[in-house]
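Hi everyone, thanks for coming.

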Amino acid sequence: SPPQMSLHYQSVLDKVSSHGVSGSHDSLDETAAVATGFFDLANADVVRYSVVRGKASAEDDNELELTVAQDQRQHDSCGGIVWESAFCLAEFIQRNGGGSVLGKNVLELGAGAGLVGMVCKKLGAKKVVLSDHPNAIALLRKNVQRNFHSNQEPGTDTDTTDDISVLPLDWRDEQHLAAVLKNGPYDVVVATDVVFSTDLVAPLLKCAAAAATPHTGVVLVCLQERCADAFALFKLQSEASCSEFRQVPTDELKFVDDACVLFELKGMMTGGPVSGITDLQKGDASSRTEKETGPTKRKKDSRDDDDPRGKGKNSKKEKDDVSD
């Protein structure tokens, strides 16, 4: 087999920054440089990501490196690639030494390759559960096992590894959700690039509300706009489903790709407005299958072709982006 291509995330970003990109893109050249960097990362077999716990020392004793395998061929779900929003949320959590997750119970929804949840654990989270659709579990399990000491029991659906677990979770499956809730409640719930179909917004929010610690739980969802209707519906139903809702300002987010948007939800209400149906769910978007709005949609990106960032998530083979 050919040798694996491995890229270090921070090194790629340093290279982008050396071309004058600082987080706000005033020219197409700067935008294209960012898109190229993330394109290269998306097509790597392995992404390496440095996690700094607390304040970095001169000897870098507090720096750890995660190795995250990717699978661009994974077409049954969207979990084969570390998307920009995952890097964005990982950086946001890592800022200030990861104090927002230190000693906390953390759940990641739609974990994909598992970067954000693994970063939380390396930053000192007490317990982390990474969940995704059963079709994405194999890669997620592989990445947890390669970065943590495994205590997996053969023949079970659960990996328990240094208090970091992998569980299948189809957001519409009550049995899956019940298994995840047994490990809760969760002080922090995180999710990235999980809003790409109007049909899945309410199930996503239902899971987040059920899992988060009542009154004090924090839900962090980092997105790029993949489907305009789904994005709008998510904002509408999120604000109606929690006591505190905010979009984190870009100057606080400080991420190199300003297409990433971070939402913070506090005080989520179970059984609230997320179960309602709005006009946004009745349009053409609701008739798309999960496959059509999943990997095919996301690899090509929803932005128009004139935006260089729209080319940042093409797969290795252009023909793979054509729907059957």
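I'll start with the ground rules, then go to the cysteines and then to one strand and its partners.

This is a predicted model, so local features need pLDDT of at least 70 and side-chain atom pairs count only at pLDDT 80 or more, while totals for chains, interfaces and linings use all residues. Residues are numbered from 1 along each chain as its sequence is written, and side-chain values use heavy atoms, with hydrogens and water left out.

Cysteines, then. How many disulfides does the structure hold? Zero, taking a disulfide as a pair of cysteine sulfur atoms within 2.5 Å. For Cys-222, the nearest cysteine sulfur belongs to Cys-88 and is 3.7 Å away. Cys-222 counts as buried because its relative accessibility is 0%; buried means under 20% relative accessible area, with a 1.4 Å probe and protein chains only. Cys-242, at 8%, is buried too.

Which strands does β5 pair with? Pairing requires at least two DSSP bridges. Strand β4, residues 105-109, runs parallel to β5 over four bridges, and Glu-108 sits opposite Leu-130 of β5. Strand β7, residues 164-168, is also parallel to β5, with five bridges; there, Ser-131 has Leu-167 as its bridge partner.

Thanks, and I'm happy to discuss!

Methods. Buried means under 20% relative accessible area, exposed over 50%, partly exposed in between (1.4 Å probe, protein chains only). Helices (H or I, at least four residues) and strands (E, at least two) are DSSP runs, numbered from the N terminus.
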